[in-house]
Amino acid sequence: MLGLELDPDKVAVFAGIGCSGRISNYLNYSTVHCAHGRALPFATGAKVADPELKIIVVMGDGDCAAIGGNHLIHAARRNVDLTAVVFNNSIYGMTGGQKSPSTHVGDRSTTSPFGNSEPAFDLCELARAAGATYVARGTSWAYRQLVQLIAGGLVHEGFSFIEAMAICNTYYGRFNLTADSAEFLRLQKEHAVAVDKFDVDGPRLRDLYPVGVIHHVERPAYSDVFSDMRQKAGGRGGG
Amino acid sequence: MADDGRLEVRVSGSGGQGILLAAAVLADAVAAAGREVVQTQSYGPEARGGASQAEVIASLEEIDYPEVDLADLSLCLSQAAFDKYARLTRAGGLVLYDSGLVDEMEIPGRRLRGLPFTDTAVHDLGAKVVTNIVSLGALCAFVPWLPPDAVDGAVAARVPARFKDLNLRALEAGRRLVELAEAGIAIEGAEDHDARGAAPVAEAEDRPIECEPCADER
Amino acid sequence: MPQPRKLVQGNEAVAEGAIAAGARFFAGYPITPSTEIAEILSRRMPEVGGSFLQMEDEIASMGAVIGASLAGVKALTATSGPGFSLMQELIGYAAMAQVPCVIVDVMRGGPSTGLPTDPSQGDVMQSRWGTHGEHSMIVLVPSTVLECFTLTVDAFNLSEQYRTPVIVLSDAMVGHMREAVALRVEDLRLARRGEPDCDPDEYDTVVSTLDHILPRPDLGSRFRVHATGLVYNRRSGAVDTSDPEVAADLGLYLREKIYHHRDAIVRVEEVGTEDAEIGLFAYGSVARSARAAMKAARKKGVRVGLLRPITLWPFPTGAVDRMAEHVETIIVPEMNIRQMAWEVQAAVAGRAKVVDLGRVDGRLITPAQIEELIDREVDHLRAR
C-alpha cells in the first residue's frame with residue numbers, strides 16, 4: 001500500500017455511524033464500528049492501550065463535528081497518533097438529508113426547507129485550532145491527491161485530520177447543486193483551490209475551499225509523552 | 001473512658017484545620033492497637049469553611065452501622081463546630097474543646113474540658129498548623145487502652161518525614177496538657193466543667209438525634 | 001499473629017482491586033464522590049506500566065475503556081450518578097458487542113446534580129435497565145471496604161468470563177469510609193484474556209455457546225476482529241439487520257449467557273434466616289444498619305434474619321424464595337423509594353408481607369429506623 005509497509009495485523013479501522021461507517025464492512029482489516037460520534041474516544045483508548053496499533057478513524061461530518069465535536073477537539077488537543085478521515089458530504093445522508101454542521105448558510109435540507117440559518121464549520125480550521133498536527137483536505141474528484149493526503153496522515157506521528165470532500169447527489173446535490181453525481185464531481189474540481197493559491201484570510205464557501213496539506217507541524221504524540229511520564233513513575237515503558 | 005470495647009469519637013472544626021487528618025491518624029492508631037475501626041466524614045462545601053466533622057468508631061467487635069450519632073468523646077476546634085456538634089455527645093460523655101477559640105457554654109449532662117490547643121501550638125511549638133495534632137494527643141490521653149506508641153506511629157506514618165519530630169512533639173504537648181489538668185495543676189486558659197454529677201437531660205438518652213442539615217452545607 | 005492491616009478508604013480499595021485484578025487502563029472524568037478512584041489510578045496505573053486517561057466527558061471515558069479492552073487490556077472507569085447516566089449509551093455498546101469492562105458507580109443523591117457529597121442507592125434500577133434494548137447485566141454491591149476490593153476483582157473476572165460489562169455499585173458512604181483491612185493479592189484467582197483455539201481463517205466459523213463462551217481475540221492479533229453495535233450474526237459476526245431470526249438469536253443470547261449461569265454468578269449473605277419470622281433485605285451500606293438492627297432485635301428475642309445481596313443483578317430470586325417460604329414479613333430498607341422493594345415484592349409473590357423503608361435525604365438509614373419498623377411489624381404479628 002503506497003510503500004507504507006503497514007502490517008495488516010496491526011491495522012485497525014474505527015468507524016462512526018453514518019454513510020461513512022459502512023466502510024467497516026468493506027475492509028479486510030480488523031474493524032470497530034463504534035457508536036455515533038464516538039469513534040475518536042474508542043480509538044484513543046485502543047491506541048493508548050496498545051501503541052503498536054495503526055489506527056485509522058473514519059467519520060462523517062455530522063458524526064465528527066456535531067455529536068462527536070467535543071471528542072474531535074480533545075483528540076486533536078491530545079495529539080493522539082490517529083489518522084482521522086472525515087467524509088464530508090455536507091448533510092446527514094443516512095437518515096435522509098437533514099442539515100449538519102457542514103451545511104452552509106442558505107442550503108436546503110429536509111430540516112432547513114427554507115434555507116439553512118446557520119453557518120458551517122470549517123472542519124480543517126477547527127482541527128488546526130484544537131491542536132491537530134497534520135491537517136489536509138482533498139476531494140473525491142482528485143482521487144489520487146486524496147490518497148496521497150491520507151497516506152501523509154498515516155506517516156505523520158500525531159493527530160492527523162483529513163477532510164475528504166464527498167458528494168451526496170441523492171440529497172445535498174439534489175436540494176442544492178445537482179442530482180447528477182458526475183456533474184457534482186466535476187463541480188468539485190471548480191470549487192477546490194490549491195492551498196498555496198487560496199486566500200487564507202478569505203471565507204471558505206460552498207463553492208470555494210482550499211485543498212492540499214493545510215497545516216503540518218511536529219509535536220510529540222500522546223503515547224510518547226505518556227510513556228516518558230510512565231518511566232518517571234517507575235513503571236515499564238512502552239505499552 | 002471505661003473500656004466496654006466500643007468508643008465513638010467525633011472530631012469537628014472548620015475546613016483547613018486538619019480535622020480529617022486527626023481522625024485518620026486516630027483510626028490508624030486504633031487499627032494498630034488491634035481493634036476494629038471505621039472512620040467516616042462529611043465531605044463537601046465544608047472544606048471551604050464552616051463546621052466540618054469526621055467520626056471514628058473503635059470496637060472489639062465487627063462494626064455494623066458506621067456513623068456516630070451520640071459520641072462518647074467529642075473534640076471541637078471552633079465555635080461553629082462546638083455549637084453544632086458538642087451537644088451530639090452522649091450523657092456522661094466528654095467534650096474536649098479549644099479554650100482559646102470557643103466561648104464555652106453549659107451543656108447539661110456532659111463533661112466539658114477546654115484546653116488551649118491553639119495557644120500551645122503557636123507559643124510552645126511555634127506552628128499553628130499542628131493544633132490538630134496537639135488536640136489529638138490530648139484526646140488520646142482520655143483513651144486508656146490506646147497505647148501512646150500506636151498514636152506516635154500513626155502520626156509518623158501520615159506526615160512528611162521533615163515534619164515528623166514537630167508532630168511527635170505536638171502529640172506529647174497535648175498529652176501533657178491533659179496530665180497537668182487532671183492533676184489539678186493550673187494551666188493558663190484551661191476550663192473544666194465536670195458535669196458527671198448532673199442530672200441527665202431527656203435528650204441525652206441513647207437514641208439517635210436527627211441532625212438537621214444546614215442550608216449552607218448543601 | 002494478626003494479619004497486617006491498614007486503614008483503607010473504600011474508593012482506594014476499588015482502585016487497588018482493579019490493579020490486583022490486572023486492569024492496566026483507566027479512563028474517567030472527575031466526579032464526586034468517585035474522584036479518589038481516578039486520582040489514585042492516575043498515580044498507580046503508570047507505576048504498574050498501565051495507562052490513565054482523563055477524558056472530556058463520561059461518554060468518551062466509556063468509549064476509551066471499550067477501545068482499550070478491544071486492544072487487549074483490562075479496563076475500567078469510575079463515576080457517579082450524572083456520569084453514570086451519560087455512560088449508559090456505551091454500556092449498551094459494550095453489552096451488544098460483548099466487550100469485557102468494569103464500570104464503578106459510586107452512588108450519590110439525585111436526580112440530576114442532586115446531593116453530590118451524600119450517599120444514595122438511587123441507581124439500582126439504572127444499573128440494570130439504564131440502556132435501551134435487551135441484554136443482561138451483572139451488578140455487584142459492596143458493603144465494606146474489603147468488599148470494595150474483592151468485588152472489583154470479581155467484577156473483572158466475571159466480565160472476562162462472560163464477555164460483558166460488569167458494574168460495581170458502590171455509594172458515597174462505602175466509598176468514603178475507611179476501615180482497617182488487609183488487602184491480600186497473593187491468593188487471587190484472575191481470569192486471563194486468551195485467543196480462540198482455532199486458525200485465524202476459521203475464526204468466523206466458530207461460535208460461542210451458553211456453556212462455552214469463547215474469548216474475543218484482541219485488535220492487533222493474527223485474527224480479524226469486527227466489533228459493532230449493530231445487530232450481527234452470532235455465528236459469522238457479520239452485520240445483519242434484515243433477518244429477524246438473527247436479531248432474535250443475538251438478543252436472547254445476550255440475555256441468556258448471564259441468566260443461564262445465574263447460580264454461579266449470584267452471591268448473597270444470609271444471617272439468621274433459618275429461624276427468622278421477620279426478614280430484612282438490605283444491600284450496600286444500608287446492609288450495615290440492617291445487621292445492627294437485626295442484632296438488637298435478636299437481643300430482644302425477636303427472630304430477625306438478614307438477606308444481603310452481594311450480586312444485586314441478576315436478582316437473587318432463589319434466596320428471596322427461601323426467605324419468603326418461612327418469614328411473615330420482609331422489610332426492605334434502601335436509600336431510594338421502593339426500587340428494590342418492588343423487585344422483592346414480585347419475587348415474594350404474596351407469600352409474605354413486604355414493607356419498604358425508603359430514605360432520600362442523603363443520610364444513611366439508621367439501625368433505630370429499622371428497629372422501629374421491626375417492632376411495629378412484631379406488634380402486628382402478635383396482635384393477629
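Trainee: In this predicted model, which strand of chain C pairs with strand 2 of chain A?
Mentor: Strand 2 of chain A covers residues 30-33. The pairing is parallel and has 3 bridges. A:Val32 stands opposite C:Ala227 there. The partner in chain C is strand 10.

Trainee: Which helix of chain C gives the most residues to the side that touches chain A?
Mentor: On this side, 38 residues of chain C are in contact with 32 residues of chain A. Elements giving two or more residues include strand 2 (25-28), helix 2 (35-47) and helix 4 (81-97) of chain C. By kind, the residues on the chain C side are 22 nonpolar, 10 polar and 6 charged. The top contributor, with 9 residues, is helix 3 of chain C.

Trainee: What is the strand order in the open sheet of 5 strands in chain C?
Mentor: Pairing in this sheet is mixed. Neighbouring strands are turned by 20 degrees against each other on average, direction ignored. The order is 11-13-12-15-16.

Trainee: How many bridges join strand 12 to strand 13 of chain C?
Mentor: Strand 12 spans residues 278-281 and strand 13 spans residues 304-309 of chain C. The two run parallel. C:Leu280 stands opposite C:Leu306 in strand 13. The number of bridges is 4.

Trainee: Why do the buried residues of helix 13 of chain C line one face of the helix?
Mentor: The buried residues are C:Pro367, C:Ile370, C:Ile374, C:Glu377 and C:Val378. They pack against strand 12, helix 10, strand 13, strand 15 and strand 16 of chain C. On the other side of helix 13, C:Asp379 and C:Ala383 are exposed. The buried residues line one face because, seen down the axis of helix 13 of chain C, they fall within an arc of 105 degrees.

Trainee: How far does helix 13 of chain C reach from its first C-alpha to its last?
Mentor: Helix 13 covers residues 367-383 of chain C, 17 residues. At 1.5 Å a residue, 24 Å is expected. The model comes close to that, with a reach of 24 Å.

Terms used
Residues numbered from 1 in each chain as written. Chains lettered and ligands numbered in written order. Predicted model: local features only at pLDDT ≥ 70, side-chain atom pairs only at ≥ 80, totals over all residues. Pairing = 2+ DSSP bridges. Axes fitted to C-alpha atoms, helices over the stretch in contact; angles between N-to-C directions. Contact = placed C-beta atoms within 7 Å. Nonpolar A, V, L, I, M, F, W, Y, C, P; charged D, E, K, R; others polar. Expected span 1.5 Å × (residues − 1). Buried ≥ 20, exposed ≤ 12 C-beta atoms within 10 Å, placed from the backbone. Arc of directions from axis to C-beta.
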